[in-house]
Amino acid sequence: MEIRERTGAKEVEEFLKKEIEVEVKVLETIIIGKEESKKILVKTLWEEKQEVMKNKNKLRGKRIYIDNDWTVQEQKIQKGIREIAKEERKKGYTTRVGYKKLEVGDKMYIWNENKGKLEEKFLKSSQH
């Protein structure tokens, strides 16, 4: 969506309803950045946020992204996990990325805060 200086709750609500078919009540919007790097921070209720996150894949193919508001450290961790997932997919594995976790085939890896790396947590039962 085009973010203007005065993009507000109503515009965001209409956009989400039209593009990802989710109705939300936007509590607050904050414009961040300038020109090409302009972003909009949207505050809403937790339950509504979960619905938005479940349906954001409907934006695939458009230059519009919806992400969680994470710290810089969390963003770096998630980027690293996505890069690992991409490499594993190139090797032919099925991957799934979650918050500080990664599934590769039938293995689950979880981010270890103390060690600063992904560690295999447990083996999921094979479901072939």
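Visitor: Which residues of helix 2 (residues 46-55) are buried?

Guide: Glu48, Val52, Met53 and Asn55 are the buried residues of helix 2. Buried means under 20% relative accessible area, exposed means over 50%, and partly exposed is in between, with a 1.4 Å probe and protein chains only. Helices (H or I, at least four residues) and strands (E, at least two) are DSSP runs, numbered from the N terminus.

Visitor: What covers the buried residues of helix 2?

Guide: The cover includes helix 1 (9-20).

Visitor: Before we go on, what am I looking at?

Guide: This is a predicted model, where local features need pLDDT of at least 70, side-chain atom pairs count only at pLDDT 80 or more, and totals for chains, interfaces and linings use all residues. Residues are numbered from 1 along each chain as its sequence is written, and side-chain values use heavy atoms, with hydrogens and water left out.

Visitor: How many helices and strands does the protein chain have?

Guide: Three helices and six strands. Along the sequence, the pattern is α-β-β-α-α-β-β-β-β.

Visitor: What is the radius of gyration of the protein chain?

Guide: The protein chain has 17 Å, whereas a compact globule of 128 residues would be near 14 Å. That radius is taken over C-alpha atoms, and the globule rule is 2.2 Å times the number of residues to the power 0.38. The C-alpha trace spans about 50 × 30 × 25 Å along its principal axes.

Visitor: Change of topic. Where is threonine 44?

Guide: Threonine 44 sits in the loop between strand 2 (39-43) and helix 2. Threonine 44 counts as partly exposed, at 23% relative accessibility.

Visitor: What does threonine 44 touch, not counting residues up to four places away in sequence?

Guide: Val24, Lys25, Leu27 and Lys49. Contact means heavy atoms within 4.5 Å. From C-alpha to C-alpha, threonine 44 and leucine 27 are 5.3 Å apart in space, and they are 17 residues apart in sequence.

Visitor: Now the rings. How many aromatic pairs does the structure hold?

Guide: One. The ring centres of tryptophan 70 and tyrosine 99 are 5.6 Å apart and the planes are at 40°, so the pair is tilted. Rings of Phe, Tyr and Trp (its six-membered ring) pair if their centres lie within 6.5 Å; planes under 30 degrees apart count as stacked, over 60 as edge-to-face and the rest as tilted.

Visitor: Which parts does the pair tie together?

Guide: Tryptophan 70 lies in the loop between helix 2 and helix 3, and tyrosine 99 in the loop between strand 3 (95-98) and strand 4 (101-104), so the pair ties together parts that are 29 residues apart in sequence. Tyrosine 99 is partly exposed, with a relative accessible area of 41%.

Visitor: And glutamine 78, is that buried or exposed?

Guide: Glutamine 78 counts as buried, at 3% relative accessibility. Its place is in helix 3 (residues 72-90). Leaving aside neighbours within four places in sequence, glutamine 78 is in contact with Trp70, Val97, Gly98, Tyr99 and Lys100. Both rings of the aromatic pair, those of tryptophan 70 and tyrosine 99, thus belong to residues on that contact list.

Visitor: Lysine 100 came up. What about its phi?

Guide: Lysine 100 has a positive phi of about 60° although it is not a glycine. Most residues other than glycine have a negative phi. Lysine 100 is in the loop between strand 3 and strand 4, and counts as buried at 15% relative accessibility.
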